[in-house]
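This briefing concerns the side-chain contacts of one protein model. It is arranged by topic for a reader with the sequence and structure at hand.

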Amino acid sequence: MLFNPSKYDFWHKVLDIHPIRVPASPCSFQTVTKQTAAAEEMLEADLEQFEKWKQRNSTDDSWLSSMIDEGTLHDRISALVLLVQEAPMYRLDVLDQLIDLCQTKQRRLINNAITALADLFISIMPTVAIPKFNTLDLRDGTPEEILCWYCCNLLVQRFMRFISVLEHNLGDPLWHFRLKTSEFLALLIDVVPQSRKRMLSVLVNVLGDAEKRVAAKVCDIVVRKLKREWAHLKTDIFVLLRDALLSSESERQQFYSVVVLNQLPLTKTDSATATLLVAAYLSIFVNLKKQDEKMNASFISNLLLGLNTFIPICDLEHEDIMKNIDLVFKLTHHESVTVGVRALSLVFHLVEKNGAFQNRFYKAMYSFLVRKDVLRFSKFEVFMNLLYRAMKGDSSLARVAAFVKRIFAVCMNAPAEIVASFLFLVSEVAKTHSNLFMLFDADNNIVGSESDSEDEEDEDEKEEMRYAEPVAEEAEPIIEETEDNMNLSILESMGLGSTSTTGAVVAPVEAKSESTPRKSFDPTARDPLFANGEHATFYELDLLCKHYHPSVATFASILAGRFSSEGRFIEYGGSPLEDFSVVSFLDKFSGRKMKKQNEFSLNWRETIHSMVFEDGETNLPPDLAFMKTFVVKEKERNQKKALLTSLDVLDDFDMFDADIDDDLADLEGLGIDIDEDEDDEMFAAMMNAEDDAEEWDEPEGIFSEAPNDGSSKKKKKKKKGGRRRK
């Protein structure tokens with residue numbers, strides 16, 4: 001026996017001793033036939049010696065035979081696996097029995113056999129790809145080398161048969177059975193290098209599965225493994241997915257192929273692959289012109305994402321992209337915000353490269369800002385980044401000012417975190433376009449305290465004129481069409497002036513030149529370049545200085561120049577979209593720790609908790625200062641209530657009045673006047689109206705209940721009372 005199973009831990013380690021020798025030219029048919037015949041003879045002789053060796057040294061064969069004949073289904077499969085693992089090159093017939101079990105009609109048996117075979121092939125298959133036996137030059141090889149490579153080829157044949165069984169089972173009607181088979185295929189691709197291209201091809205076909213759950217799961221598996229285990233297989237995966245994208249008729253397979261292709265880890269050194277991929281995407285866009293209404297918005301969005309990812313690293317000329325530029329601009333008005341943002345990003349690549357379609361791009365971006373669903377965009381930071389790059393790279397101050405004016409208009413109805421993000425964006429853009437501060441500082445832009453009295457006087461004058469009696473306008477004199485008047489009009493048209501009644505020529509009287517009307521911002525203009533943004537009045541900035549959110553008010557005040565000592569630029573190191581959201585504010589306000597957080601966020605939460613809920617900290621950001629003020633007042637109020645309750649000084653009604661008085665005191669401290677007399681009159685009127693309603697008798701009718709004692713209903717009386725005050 002050439003290979004004693006007790007000598008090697010794993011039989012395929014023999015390949016480390018006998019390396020592969022592939023000839024430069026293919027072997028002749030006679031050489032291959034001679035090598036095959038010699039290997040078969042050696043294998044038959046070794047099998048006889050192996051059976052004799054087993055009879056002398058093994059005591060478990062009888063037990064394994066009984067388990068195969070009389071054991072349960074699981075025991076039978078386990079016994080067959082143990083026999084193969086002991087000596088794979090001498091137990092190929094047992095391996096054939098296991099593969100046959102995968103071709104029965106019992107799903108439970110097939111499932112158990114596939115699970116066992118997948119684990120078995122992972123343990124016994126060589127760690128290198130085995131070439132075909134007829135391509136090896138073994139004329140000078142030892143008997144051990146000839147037998148080793150012959151058995152390896154026999155094992156590879158069984159493995160390919162098992163892959164065919166898995167491919168057949170992918171057509172099973174049960175979706176969970178197909179999903180489990182796909183997972184086994186992915187596991188074999190990780191470990192077994194043999195026939196990886198075929199297994200990848202089978203797995204790519206599963207992306208077009210009729211069940212969405214199966215296709216999505218396989219897509220997730222491929223994307224995850226492509227970043228780690230399958231990084232060296234990206235070229236093979238690219239070829240398979242590109243062919244599936246261009247030739248497949250299944251929209252689902254095309255969609256998931258694009259999803260996986262977008263995750264390819266391509267760099268500038270892979271420019272050839274990126275060029276082929278962009279060309280494939282553009283060919284899909286050609287077909288998209290005819291059936292864009294039938295295509296899924298997610299598919300269009302992923303196509304645009306791939307183009308934005310790979311165009312910067314490809315060698316494709318931009319003329320090929322410009323052929324479809326009308327379709328790209330059409331997609332900027334798509335109902336999906338994601339499609340619109342990615343289409344704008346694609347056009348901006350062309351604007352940065354060669355300045356093409358610059359005015360058209362800014363016009364599309366300007367109209368995109370006022371979409372109602374932009375503020376609900378799940379990836380709003382992507383849109384903010386694109387808007388910042390576009391405004392920073394623009395050389396026209398008038399257009400940038402028009403964008404700022406529209407941004408401030410959007411801020412009027414936006415949440416606090418988005419308003420803070422927009423203000424921070426304007427501050428960063430102003431570092432490049434510093435003349436924006438001159439527009440903010442204009443006399444008619446920010447309404448100051450000195451002009452409040454003038455505004456009040458203007459309002460009083462308008463109110464008086466509203467109720468004043470209308471003044472009759474003087475009627476224009478009616479000029480009769482006489483012959484003299486007609487002659488005068490003819491002379492005036494000739495530029496000779498008018499003639500008097502005496503016949504002398506009179507010079508025409510020059511009309512008073514009207515002053516040229518002042519230009520103003522046009523909010524209805526479609527093109528921001530012609531919206532007169534440099535003449536806009538940014539009164540929204542004054543309103544944002546009084547925003548309810550303290551941080552937003554601080555940001556707006558910095559832009560307005562009200563904190564002259566701190567400069568005009570907003571200095572903030574965090575993310576306004578996350579830090580100033582309602583969820584983040586309530587989390588900080590609750591003063592509790594999250595269960596699952598990383599170390600950085602946990603330390604940050606502890607810092608916030610110590611700053612707000614502990615004494616001694618005075619220099620706080622605006623939002624935390626507001627929180628600390630509330631916490632301190634709430635603590636004082638609770639202590640006061642506890643003291644009065646413990647002394648039994650106040651009952652429940654008095655405690656309610658005490659709470660109202662405390663609230664009124666807080667409002668007066670903020671500068672809000674409260675008219676207590678008017679409040680008491682309103683409360684008394686409400687109580688009297690309630691008593692009158694209770695004393696009113698419902699007239700008797702068909703819907704009224706007759707009294708039991710025959711007497712009239714007694715009127716319910718309620719003790720009148722008003723709210724007591726200290």
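**Charges over rings, ring pairs and salt bridges**

R360 lies over the face of F329, 4.1 Å from the ring centre; a charge sits over a ring if NZ of Lys or CZ of Arg is within 6 Å of the ring centre and within 35 degrees of the ring normal. The model is predicted: local features need pLDDT of at least 70, side-chain atom pairs count only at pLDDT 80 or more, and totals for chains, interfaces and linings use all residues. Residues are numbered from 1 along each chain as its sequence is written, and side-chain values use heavy atoms, with hydrogens and water left out.

**Charge over a ring**

- The ring of F569 has the charged end of K431 over it, 5.9 Å from its centre.

**Aromatic pairs**

- The count comes to 20 aromatic pairs, where rings of Phe, Tyr and Trp (its six-membered ring) pair if their centres lie within 6.5 Å, and planes under 30 degrees apart count as stacked, over 60 as edge-to-face and the rest as tilted.
- F437 and F440 form an edge-to-face pair, because their ring centres are 6.2 Å apart and their planes stand at 75 degrees.
- These two residues, F437 and F440, are three residues apart in helix α22 (residues 436-440), and so are separated by about one helical turn; helices (H or I, at least four residues) and strands (E, at least two) are DSSP runs, numbered from the N terminus.
- Both F437 and F440 are buried, a term for under 20% relative accessible area, with exposed meaning over 50% and partly exposed in between (1.4 Å probe, protein chains only).
- Y572 and F580 make a tilted aromatic pair, at 5.4 Å centre to centre with 40 degrees between the planes.
- Within that pair, Y572 is partly exposed at a relative accessible area of 27%, whereas F580 is buried at 5%.
- F348, F361, Y362, Y366 and F403 are joined into a cluster by ring pairs.

**Salt bridges**

- The structure holds 18 salt bridges, each defined as a side-chain nitrogen of Lys or Arg within 4 Å of a carboxyl oxygen of Asp or Glu.
- One of them joins R198 and E167, at 3.6 Å from N to O.
- R198 lies in helix α9 (residues 196-205) and E167 in helix α7 (residues 143-169), so this pair ties together parts that are 31 residues apart in sequence.
- R198 is partly exposed at 31% relative accessibility, and E167 is partly exposed at 36%.
- D209 and R178 meet in a salt bridge of 2.9 Å, N to O.
- This bridge links distant parts of the chain, 31 residues apart: D209 is in the loop between α9 and α10 (212-226), and R178 is in helix α8 (residues 175-191).
- D209 and R178 are both buried.
- E352 and R389 form a salt bridge whose closest N and O atoms are 3.6 Å apart.
- Here too the pair links distant parts of the chain, with E352 in helix α17 (residues 337-354) and R389 in helix α19 (residues 380-392), 37 residues apart.
- E352 is partly exposed at 47% relative accessibility, and R389 is partly exposed at 27%.
- A network of salt bridges links D96, D100, R158 and R161.

**Nonpolar surface patch**

- M412, Y539 and L543 make a nonpolar surface patch of about 280 Å²; patches consist of residues with over 30% relative accessible area and no salt bridge, like charges being joined within 9 Å and nonpolar side chains (Val, Leu, Ile, Met, Phe, Trp, Tyr) within 5 Å.
- Accessible areas come from the Shrake-Rupley method with a 1.4 Å probe, and for residues only the protein chains shown count as cover.
- M412 lies in the loop between α20 (397-411) and α21 (416-430) and is partly exposed, with a relative accessible area of 33%.
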